[in-house]
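Here's a short report to read with the model open beside you.

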Amino acid sequence: MSAHGKPYVREVSRYRWFLRSPRYMRYMVREVTCVFIALHALVLLVGLKRLSEGREAWETFLDNLTAPFGVQLQLLILAFAIYHSMSWFNVTPKAMPVQIGEKFLPGAVIIGAHYAGWFIVSIALLFLAGVF
Amino acid sequence: MAKSNKPVVWGLFAAGGTVTAFLTPALVLLTLLPAFGVMPEVMSYDNLRAFVSHWFGKLVVFGILFLMLWHAAHRLRVTLHDFGVRADGFVAVAVYLAAAAGTLATGYFLLRI
Amino acid sequence: MSERIVELEVLRFNPETDAEPRFQRYSVPCMNEWVVLDALNHVKETMDPTLSYRWSCHMAVCGSCGMMINGEPKLACKAFLREYDGVIRVEPLAHFPIQRDLVTVIDDFVTKLKRVKPYLIPKQDQPVEAGEFKQSPAELKKYKQYTLCINCMLCYAACPEYGLVPKFIGPAAISLAHRYNEDSRDGGREQRQQEIASNEGVWECSFVGACSEVCPEHVDPAGALQQVKIKSTVDWYQEHLLPGSKK
């Protein structure tokens with residue numbers, strides 16, 4: 001369709017594109033949560049291994065968890081895990097709209113139900129685990 | 001245009017994302033609270049071994065770890081592309097192999113309890 | 001009627017004489033209630049007739065005047081001057097080649113639009129005598145939102161995946177395929193799936209969601225694409241685990 005002269009193609013930086021707007025930066029933070037989910041999986045896997053190795057190994061694992069580095073790592077994991085949860089729940093109405101007759105369930109209702117479910121499941125888990 | 005096979009890994013990513021969204025923060029609290037003086041009963045060696053010895057406990061632990069690993073693997077593949085890495089074939093093999101290794105390790109340790 | 005002088009920094013490109021685009025500054029006397037399009041029209045009419053850009057309806061229904069305004073994809077007829085302080089940077093819509101000044105080459109989008117077969121493909125051919133297709137209000141509501149697309153391509157300018165991977169079919173085209181897939185009168189979903197369920201189709205999307213944020217008609221293409229992903233995943237399992245079963 002170039003009637004006169006060659007069109008100009010503007011390059012998009014594959015390394016710096018997300019620095020262009022806060023919207024893109026928030027997306028990258030959301031994506032990077034996977035690194036911390038992976039780290040958490042690693043922590044659980046190591047814990048499982050120590051559990052299988054016997055009482056002493058498990059106690060050492062607990063010591064590592066409660067040491068400063070262990071606590072810092074877990075706080076970091078917790079922060080990114082919460083960001084993941086919130087970003088996941090907030091987009092659920094888009095991916096799974098609920099139509100009732102001619103109306104759609106408001107997004108806020110679907111999101112609210114997820115946050116409520118999150119709260120209930122968390123409390124239940126902590127209760128069953130004997131935290132209180 | 002051929003239909004993609006990405007649904008397989010995306011399905012695991014979506015299932016894992018949902019499970020981790022609901023469970024991960026509470027799970028982290030279980031391992032974090034001891035440092036603040038609150039020891040969940042399940043975290044004692046005897047209680048946790050009892051839970052994992054049971055077939056139901058094994059199922060729960062395996063299910064959660066499996067979904068966490070494959071969720072993180074697929075998202076990491078996409079994230080590396082977002083950071084400019086252009087080697088999707090290699091990256092895909094690497095992340096899914098890691099998830100598979102983690103899955104096998106989980107199964108192995110569970111069977112030893 | 002109050003006036004203000006607005007500074008416009010407009011990206012110019014003449015394919016016949018320029019190797020690269022360059023910015024040109026205009027000091028434009030504007031009315032406070034004007035939109036960026038009014039300012040551009042004033043420039044063209046009174047200051048620089050060589051400035052080229054697309055526009056038509058001036059009321060956000062034709063989709064012609066999409067451009068980057070201070071780095072955001074916007075319709076120039078919907079970008080109110082009162083929302084901006086200081087110099088307003090006007091550039092052609094991102095992720096499309098520049099034809100001339102603010103005019104982009106949109107062939108890629110048009111080609112992709114055709115590929116997804118954005119028209120009704122009835123389940124069965126019916127003669128006219130058989131009468132009209134009947135559709136309830138609820139059935140209409142199911143896809144109504146996705147009919148609102150005005151093909152303005154702001155979503156393509158916002159989508160980083162389209163910017164980085166040009167073969168991506170893109171938000172609007174896939175949303176329009178979804179519009180027809182969800183239409184109760186339609187039977188062409190499998191044909192469209194051949195295009196949109198490919199790696200260049202919905203699977204290039206990573207749900208950044210920028211497309212929905214910039215859409216002037218609130219189509220929510222991001223939502224449409226996630227719904228296509230879910231349905232395509234169910235499809236995949238159905239095809240591979242229960243081959244031969246009807247969808």
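What follows is a walk through a predicted model, starting with one chain and moving on to how chains touch.

## Chain C as a whole

Let's begin with chain C, which has nine helices and seven strands. Picture a box drawn around its C-alpha atoms along the principal axes: the box comes to roughly 65 × 40 × 30 Å.

How much of chain C counts as buried? Of its 247 residues, the share is 41%. Take the contacts in chain C with a separation of 6 or more: 65% of them are between residues 24 or more positions apart.

## Two helices side by side in chain C

Now zoom in on a helix pair. Two packed helices are described by the angle between their axes and the distance between the axes. For helix H6 (residues 171-181) and helix H7 (residues 189-196) of chain C, the angle is about 160° and the axes are 10 Å apart. Angles over 145 degrees count as roughly antiparallel, so H6(C) is roughly antiparallel to H7(C). The crossing of H6(C) and H7(C) is left-handed.

Which residues meet here? H6(C) brings C:Ile174, C:Ala177, C:Tyr180 and C:Asn181, while H7(C) brings C:Arg189, C:Arg192 and C:Ile196. Sorted by type, the residues of this contact are four nonpolar, one polar and two charged.

## Where chain C touches chain B

Chain C also reaches out to a neighbour: 13 of its residues are in contact with eleven residues of chain B. On the chain C side, H7 and helix H9 (221-241) each supply at least two residues. H9(C) has the largest share, with four residues.

What kinds of residues does chain C use there? Three are nonpolar, seven are polar and three are charged.

## Where chain B touches chain A

Chain B has a contact with chain A too, and each of these two chains puts in 42 residues. On the chain B side, helix H1 (6-32), helix H2 (45-53), helix H3 (55-82) and helix H4 (88-111) each supply at least two residues. H1(B) gives the most, with 13 residues.

Looking at residue types, the side of chain B that touches chain A divides into 28 nonpolar, nine polar and five charged.

## The domains of chain A

Last stop: chain A. It's divided into domain 1 (9-87) and domain 2 (96-132). Taken over C-alpha atoms, the centres of domain 1 and domain 2 of chain A are separated by 24 Å.

Notes:
Residues numbered from 1 in each chain as written. Chains lettered and ligands numbered in written order. Predicted model: local features only at pLDDT ≥ 70, side-chain atom pairs only at ≥ 80, totals over all residues. Contact = placed C-beta atoms within 7 Å. Nonpolar A, V, L, I, M, F, W, Y, C, P; charged D, E, K, R; others polar. Axes fitted to C-alpha atoms, helices over the stretch in contact; angles between N-to-C directions. Parallel < 35°, antiparallel > 145°, perpendicular 65-115°, else oblique. Left-handed = near helix turned anticlockwise from the far one by under 90°. Domains from an automatic or database assignment. Buried ≥ 20, exposed ≤ 12 C-beta atoms within 10 Å, placed from the backbone.
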